Amino acid sequence: MIQLLNKEIKLASSPLSFLFLVFACMTFIPQYPILVGAFFVSFGLFHSFQAAREADDIHYSVLLPIAKKDIVTSKYIFSVTLEITAFFLNTVFTILRMTVLKDAAAYQTNVMMFPNPVYLAFVLIIFAEFNYFFIRLFFKTAYYFGKPFVIFAVMAFLTVGIGETLHHIPGLSFLNSTNPADLPVQLIILLCGILIYIIVTILSWKASIKSLETIDL
Amino acid sequence: MEPILSVNGLCKQYPEFELKDVTFEVERGSIMGFIGRNGAGKTTTIKSILNLVHPSAGTIRYFGLDFLEHEKEIKQRIGYAAGTANSYKKKKIKDIVAVTKTFYDNWDEDTYQHYLELFELKENKTPEQLSEGMKVKLNLALSLSHKAEFLILDEPTNGLDPFSRDELLDVFQEVVKSGATILFSTHITSDLDKCASHITYIRRGQIIASLPMQEFIQTYSANTGSDTDTDNIEDIMLRLEKEARHDPITE
């Protein structure tokens, strides 16, 4: 598996996947739908799938002395590693905005989503959608990625829309609160986000392995 | 002796094409010419024996081992090169090789350097900067450097000029002398007159014959009376294809 990850990084991936991690910094943008940053990080990962297809990476990998399922697993490990890196950055920036930058003038007026544990849960849901709608559907052919990406993009922007709308509904304002009293319930929502991410990613990974084992290349 | 490759009853259906009960064996130390027209089923057969496509029926055994049960182990011992292979075309050869060699237990750096020199491959070039013939040589160098005992070559001489083809055929003969075995698909049958020891002929997804070269010529030549007037592979294939046009019942 280490050799396969080495191949992913040195031969198959696009530098844009790493560069697009800077979109995690969108957490700092005031009065902006900051969840879009998670979409851009996913868009960076999309570039690696595009680069790999153009480099005929799957064909090359299948001819190596490895199990086909390891090809899928290495793509997931690569994607999950970058997603977790972005999530880690989002978490650090969220903590900074909730503490050190709490009283910064730029953040005093905001009708959009605040960075808090609920925001982090939504970030993970968008990454889960990328794994489920993009990667899983890509491995149905191991070639076509246009339709999977459009489906993912629609789902991601619906999620952004839901995230930006929910806290405006009466009784749900706690979702966007920065009041420490709301933190326990927000952390429970974050935990749900983590569970959704793990479960969806595992289901997607298993389905992708099954697809690659059955399709003709 | 156990054949190096044994294909038995391979079937694969596509909407407009079908492999039908493809059965043949490749003997150790031979160069098997796998011939047929464009679209006859050569590439589908080769993709099937590499697990790139999934046959609906049939068994594939390498070195006496079932392919699907021993895929990783078998792939350590075989190599593949195609005229159309074009992976990582913008990466430097040295970067591709640095990654590729980590997958092979028997990678021999001295052998690799030997073939780099022999094939005049420049490691700082990218595959897209190589001619078609040099791409095939790169794949051959990779296969031979991990001590592949069996090379599967899918139309490796496609698009090559006559000199490059001749040069490559010499390389194949050298490779076999060093102990390897080659399965070599082509529709350029004149290549085989020079180097093949066996012929497998496929037409419309069916194996018509799989025989040692001389036996194939004797069996299918229209001029069997004189040694000096024997058909070559191209004559035989052209005649059989023309006959098949008028003989749909045999399909």
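Which residue of chain B forms a salt bridge with A:Asp216, and how far apart are the closest N and O atoms? The partner is B:Lys12, with 2.5 Å between the closest N and O atoms. A salt bridge here is a side-chain nitrogen of Lys or Arg within 4 Å of a carboxyl oxygen of Asp or Glu. The rule finds one salt bridge across the interface of chain A and chain B.

The model is predicted: local features need pLDDT of at least 70 and side-chain atom pairs count only at pLDDT 80 or more, while totals for chains, interfaces and linings use all residues. Residues are numbered from 1 along each chain as its sequence is written, chains are lettered from A and ligands numbered from 1 in the order in which they are written, and side-chain values use heavy atoms, with hydrogens and water left out.

**Interface of chain A and chain B**

The table lists totals for the interface. Contact means heavy atoms within 4.5 Å. Buried area is the accessible area (1.4 Å probe) that two parts lose on being put together, summed over both. A polar contact is a pair of N or O atoms within 3.5 Å; within protein, one must be able to donate a hydrogen and the other to accept it, and residues adjacent in sequence count only if both atoms are side-chain atoms.

| Item | Value |
|---|---|
| Area buried between chain A and chain B | about 2,300 Å² |
| Polar contacts (both at pLDDT 80 or more) | 16 residue pairs |

Carbon and sulfur atoms give 59% of the buried area. In chain A, the residues that lose the most area to chain B are A:Leu11, A:Leu63 and A:Pro65, together 30% of what that side buries.

B:Gly9 lies in strand E1 (residues 5-14) of chain B; strands are DSSP runs (E, at least two residues), numbered from the N terminus. B:Gly9 is buried, with a relative accessible area of 15%, where buried means under 20% (1.4 Å probe, protein chains only). Not counting residues up to four places away in sequence, B:Gly9 touches B:Asp21, B:Val22, B:Thr23, B:Ala57 and B:Gly58.

In chain B, four strands form an open antiparallel sheet in the order E2-E1-E4-E5. Strand E2 (17-26) and strand E5 (65-66) of chain B stand at the edges, so each has a single partner strand and one side without a neighbour in the sheet. Two strands pair if DSSP finds at least two bridges between them; E1(B) and strand E4 (residues 57-62) of chain B pair over five bridges. B:Asn8 stands opposite B:Thr59 in E4(B).

Technical notes
Buried means under 20% relative accessible area, exposed over 50%, partly exposed in between (1.4 Å probe, protein chains only).
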